[in-house]
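Please read them with the structure open.

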Amino acid sequence: MSVVSDRTADIWGERTPYAASGAWPSRVDQHLTVDPGAVEKWVHSACALCSNGCGLDVAVAEGRIVGVRGRADDRINHGRLGPKGLYGWAGGYTSDRLTQPLVRVDGRLQPTDWDTAMNQIVAASKKTLSSAGPLGMSFYTSGQLFAEAYYALAMIARAGIGTPHLDGNTRLCTSTAAWALIESFGADGDPGSYADIDHCDTLLHVGHNVAETQTVMWARMLDRLAGPDRPKLVVIDPRRTPAAREADVHLAIRNGTNVMVLNALLNEIIANGWIDREWIDAHTAGFDALQAVVAEHPAERAAEVCGVAVEDIRRAAEILSSAERLVSTVLQGVYQSHQATAAAVQVNNIHLVRGMIGKPGATVFQMNGQPTAENTRETGANGLLPVHLNWQNDEHVEILAKHWNVDALQIPHWSPPTHVMQILRYIEQGSISFLWVNGTNPAVSLPQLGRVRELLGRDELFLVVQDAFLTETAELADVVLPAAIWGEKTGVFTNADRTVHLAEQAVEPPGQARSDLEIFIDYARRMGLTDRDGQPLLKFATSEEAWDDYRRLSEGRLCDQSELSYAKLRESEGIQWPVTKEAPGGTERLYVDGRFHTASGECESYGHDLVTGATNEKDEYVAHDPDGRAIIKAAPYVEPNESPDEEYPLSLTTGRTAFHFHTRTKTGRASELVAAAPSMWVELSRDDAAALEVAEGDIVEVASRRGRVVAPARITHSRSGLVFAPFHYGYWDAAQTADPPTAANELTLTAWDPVSKQPLFKTAAVRVTRVGPGEGPAPAPENTASQRVGAP
Amino acid sequence: MSARVGGLVERLHAAEIDLADDFRTVGERHAADQDVFHLCHQLAEQCAARAERLRSIAERFGTPLHEPTDKPTIDWLLSSARRALSGLVAHRPETGLVLLRDLRQLYVAAEEIDFYWIMLGQAAQALRDAELLSAVDDMHKQLLTQVKWLKTRAKEAAPQALVAG
C-alpha cells in the first residue's frame, strides 16, 4: 500500500517495471483526510476525472467522502490513482456548491424551490414548441454524467421533443475519435485493450500528451519503458511533453500538419514494402487509393511543411515498420486540430497496412478525453443515435422507434444530429430560443468566447443550466438547477478501452441537489411526454431501471451489453463490452478475426469524404459494400484555415495540464490541485521569447483576430513559432480576472472539422507582446510539458 | 476532331473558373456560417486547380487558354463588403433561406460541369487517350464530391430554414 504523500509532485508514482507480456504489478494508492480508523465504509466506484476510468473505493465517514483508494484488482489501474483522482473529489465540498434551484428575477438569479424552477422550464419549453416547434429546442450535455442520464436525455430530445438539436461536449473532446473509428472500422468503440500496452514492442503517440491527460495509463507505459524489452517510442507533438522526453524519435511538427506527417510515414512504410499485403488483400478495401495519395507526400515535402528533419521522419517510419506489436494512441493534438478526422484515420491506416489490429499488443486507441464520453456517444446524446444505430438506415431507426414505442418519424433522422457549433449558429439566427446546458461550461470551453457569451446571454434565448456550481455559463442562465455529482449518485460509465464500471452512490447530495437522471425524469413527466400509446415515454424511475432499458436496446449491436446487469458490475473489477450470452465475461478485443463492422446492414454510418465531409448515401455504400473489410480512407494534406502571417506571426495551441480538468469546476476547488497549477500562464519557445525579449515570468499579451489574454510567460522547450495556452482558466475564482482576460478561448477561432464537427482549438494565428515584468517564474508546473528552460 | 474537343475543354475551363468565383462569393456571403466560408474557399481552390490542369490539356488540342484576369482591387473590395455584410445580417433568420438558395445555384452550376466532364471522358475514350482519361477521371471524381457536399449541406440546412419558427 502506498499512502501517497504528494501525487502532484510525483505525478506517476514510483516505478514498478515489468517485461513484455508480464503482469503489470499492483500498487495501491490511497489518500485520506481522516485517520484510517475513522473510515466507516468503503464504496466501490471508479474515477471520473479522465477517460482512464481507474477502479477505486470511496472512503466515507459521517456522511461525507473523506478519501479514495485505488482497487488493486481493477483491470485498468491495478491500484494506482493519479493526482486528479486522489485529490479532485474534495472539490465537491466547497461552500459555493449549488444547493437549491435559482431563477432570474429582475435580472438577478434568486434562490427558489424545485416546483417553481421546473415549472418555468416547462412553460418556456411549451412556449418555444408552440411558436417554433421542436426545431426551436436544443440541449447541450456533457462527457461527465453517467450513461443512464444521457440515455434519458436522448429519449427526451429525440423521441419526446423530437429535435435533432442535442449534442454533448464530447463534440470538443472525442467526436473525432468516434468518427475515425466509424470511418475505418464501421462502428465506434476502440478495438483494443489496455493490456495491449503490456504486450506491445512499439508505442506511437500522436497529439496525445498521455503523461498529463491519462497519468495512470502513462504510468503503465513508463513501467514498460523502465522494464526489460523496452518498447520503442515515437511521439508526434509540437511540445516537448514528458512522453516526448522519453521518445526514441520526437517529431515536433508545426501544429496543423498532422495529415502531412502521417501521410509521409505511410508513404515510407508502403514504398519500402513494410506492409502486410496478404492481410491487406483479405481484410481491407481502399489500399490502392491510399498508396496513390500518400505518394504525393514524400518525406522531403513533409519535412519542409512540418518543420522537422527528414531523417527523423525516416527513423520514425523505420521504427513503425520494424514493430511486430504496435500500440498507437491519438488525442486532442489530432482531434482538435486541422483535418482532424482525416489525420486520425491515417493512424488507423498505419495499423491496417501493417495488419496490426485485433491481436495482443497490436491496436490503435482513438482515445477519449472525458470519463464518460464513451457513454455520451453510445447513448446517442451527441451526434449519433443510441447503441451505434445508423440514422441513414431506416431499419435501424425502426429498432429504436420500436424500443421506445414511438413512430419512427418522430425521431429526427433526416440528417445527422446537430452539432453544438451549429446549435449556436441557429441561436444567432434566432431560430433556436431554448437551450438546456448540463454538466458543461461552454462560456469558457467553446472557441471565440466573446461570441459565445454574447449568444448565451441573449434575452431571446431561454437558458437552463444544470450544474453543481455557479459556472460562468450558469451566470448567464434564466434557471439554474443544482445537480448531484460523482459520489452522490449511482451510474454506469465506460472508459477508452470499453471497460464498464458502476460508480456507486457513497453520500447524499447537498441541500436540494438532485441527480441528473432524476431531473430529466421529472422534466419528462411535467412535460407530459408520452409514447404512441399515450403511456409515459420514460418508463424507468431509478438508474438501474434506466440501465436495464438501455442494455436491452443494445442487444445484437456491437456495443451489446445485454448481459451486463448492475449485479454483474458490482462483482466485477471492470468489464469490457460486448457482454453477451456468448461472452458473459466481456470481450477483450474486437475484430480478432479480421472482420470489421462495415457490412451495410450493420455499420454505424455510410461514411464521409474526409476532405469535405460530404455524406455517402446508402445506395452507393451498398453498391460497394465492404461487408466486413476495414475501409482504408486516404486524404491529401490541406493548408490550415488560419496560418501565421505578418500581423499574427505565431501559432496558438491550447491544452490541458496534469492537475486540472476542463474549466476546473471541480479541480479548481481541490487545494492540492490548485496549489499545483493555481492560475493562467502562456508558453513560448526559447527562440520566440528571445526575439520578443521576454524573460521567464514576464507578463505578455497574446492577441488574435478575435480577442486577447494577458498572463505570465513560461519559456519552454517547445518548437519555435508555437504558443501554448492551458484552456482551464475562466473567470469564476479570485485567481482570475476578466479584465484583462485570461481564458485561452478568447483567442481561438470558430471553425470545425468537416466530418467530426469537432471545433479546432489547435491552430490560430496570434501575436505576442511583452507587457512588463512579472513576479518570479510563471505559475506553471515544472514537472509536466510546461517545464521551463533551465529548470532545476 | 481535336478542335471540337478543344472547344469542349474551353467551355469546361470557363465553367470551372466561374464555379471557383461562385464558391468564393457564396463563402463570403455566408462568412457567419464558418464551415461554409472555409469549405467554399477550399472548393474554389480545387476548381482553380482543375482549370489550371485544363489549360495544359488545351494546349495539346491546339486551343491555348488563358488564366482568368485579375481584378484585384475590385475583387478585394467586393469580398470585404460581402464578409462585412454577412456579419451584419448574421442574426437574421432569412440567412438560412439565402444559404439554401446559394447552395442550389452552386449545385446547378456544378451539375452542368459534371455533364461537361462526362462528355470529355467519352471523348478521351474514343481518342484512346489514356493520359487524358486518367486526368478526367480524377477531376470528375473531385467535382462529384463537391456536388455531394452541396447536397449534404443543403439537407442539413433545409429543415431549420424551412420549418423552424
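1. One convention comes before the helix pairs: axes are lines fitted to C-alpha atoms, for helices over the stretch in contact, and angles run from 0 to 180 degrees between N-to-C directions. Keep in mind too that this is a predicted model.

2. Start with helix α4 (residues 175-185) of chain A and α15(A). Their axes come within 9 Å and cross at roughly 55°. That makes α4(A) oblique to α15(A), since angles of 65 to 115 degrees are what count as roughly perpendicular. The crossing of α4(A) and α15(A) is right-handed. On the α4(A) side, the contact uses Thr176(A), Ala177(A), Trp179(A), Ala180(A), Glu183(A) and Ser184(A). They meet Ala340(A), Thr341(A), Ala344(A), Val345(A) and Asn348(A) of α15(A). By class, the contact of α4(A) with α15(A) holds six nonpolar, four polar and one charged residues.

3. Next, helix α3 (residues 147-161) and helix α22 (residues 543-554), both of chain A. Their axes lie 9 Å apart, and the packing angle is about 65°. α3(A) is therefore roughly perpendicular to α22(A). The crossing of α3(A) past α22(A) is left-handed. Ala147(A), Glu148(A), Tyr151(A) and Ala152(A) come from α3(A). Their counterparts in α22(A) are Ser543(A), Ala546(A), Trp547(A) and Tyr550(A). Six nonpolar residues, one polar and one charged make up the contact of α3(A) with α22(A).

4. Chain B has a helix pair to look at as well. Helix α1 (residues 2-29) and helix α4 (residues 94-126) of chain B have axes that come within 10 Å and cross at roughly 160°. α1(B) and α4(B) are therefore roughly antiparallel to each other. Their crossing is left-handed. What classes of residue form the contact of α1(B) with α4(B)? It divides into 16 nonpolar, no polar and seven charged residues.

5. Now the open sheet in chain A. Five strands run in the order β12-β11-β10-β14-β15, with parallel pairing. Which strands stand at the edges? They are β12 (249-251) and β15 (363-366) of chain A. Each has a single partner strand, so one side of each is left without a neighbour in the sheet. The twist averages 10° from one strand to the next.

6. Look at one pairing in that sheet. Strand β14 (residues 326-330) of chain A runs parallel to β15(A), and four bridges join them. Val330(A) has Gln366(A) as its bridge partner in β15(A). A helix covers part of the sheet too. Helix α13 (residues 310-322) of chain A lies across β10 (202-206), β11 (232-236), β12 and β14 of chain A. Helix α13(A) runs at about 125° to β12(A).

7. Strand β8 (residues 137-141) of chain A deserves a look. Is it enclosed or open? Five of its five residues are buried, so β8(A) is largely enclosed by the rest of the structure. Both faces are covered. Met137(A), Phe139(A) and Thr141(A) are buried on one side, and Ser138(A) and Tyr140(A) on the other.

8. β8(A) also has pairing partners. Four bridges join β8(A) to strand β16 (residues 434-438) of chain A, and the two run parallel. Here Ser138(A) is bridged to Leu435(A). β8(A) pairs with strand β9 (residues 166-168) of chain A in the parallel sense, over three bridges. In that pairing, Tyr140(A) is bridged to Asp167(A).

9. Most residues other than glycine have a negative phi, and most peptide bonds are trans. Gln339(A), not a glycine, has a positive phi of about 55°. Gln339(A) sits in the loop between α14 (332-335) and α15 (340-353) of chain A. Gln339(A) is buried, with 28 other C-beta atoms within 10 Å. Val387(A) has a positive phi of about 45°. Its loop runs between α16 (373-378) and α17 (394-404) of chain A. Val387(A) is buried, with 26 other C-beta atoms within 10 Å. A cis peptide bond joins Trp577(A) and Pro578(A), with omega about 0°. Pro578(A) is in the loop between β21 (575-576) and α24 (618-623) of chain A.

10. Last, the interface. In chain A, 23 residues are in contact with 23 residues of chain B. Helix α18 (residues 420-429) of chain A gives the most to the chain A side, with four residues. That side has nine nonpolar, eleven polar and three charged residues.

How values were computed
Residues numbered from 1 in each chain as written. Chains lettered and ligands numbered in written order. Predicted model: local features only at pLDDT ≥ 70, side-chain atom pairs only at ≥ 80, totals over all residues. Pairing = 2+ DSSP bridges. Contact = placed C-beta atoms within 7 Å. Parallel < 35°, antiparallel > 145°, perpendicular 65-115°, else oblique. Left-handed = near helix turned anticlockwise from the far one by under 90°. Nonpolar A, V, L, I, M, F, W, Y, C, P; charged D, E, K, R; others polar. Buried ≥ 20, exposed ≤ 12 C-beta atoms within 10 Å, placed from the backbone.
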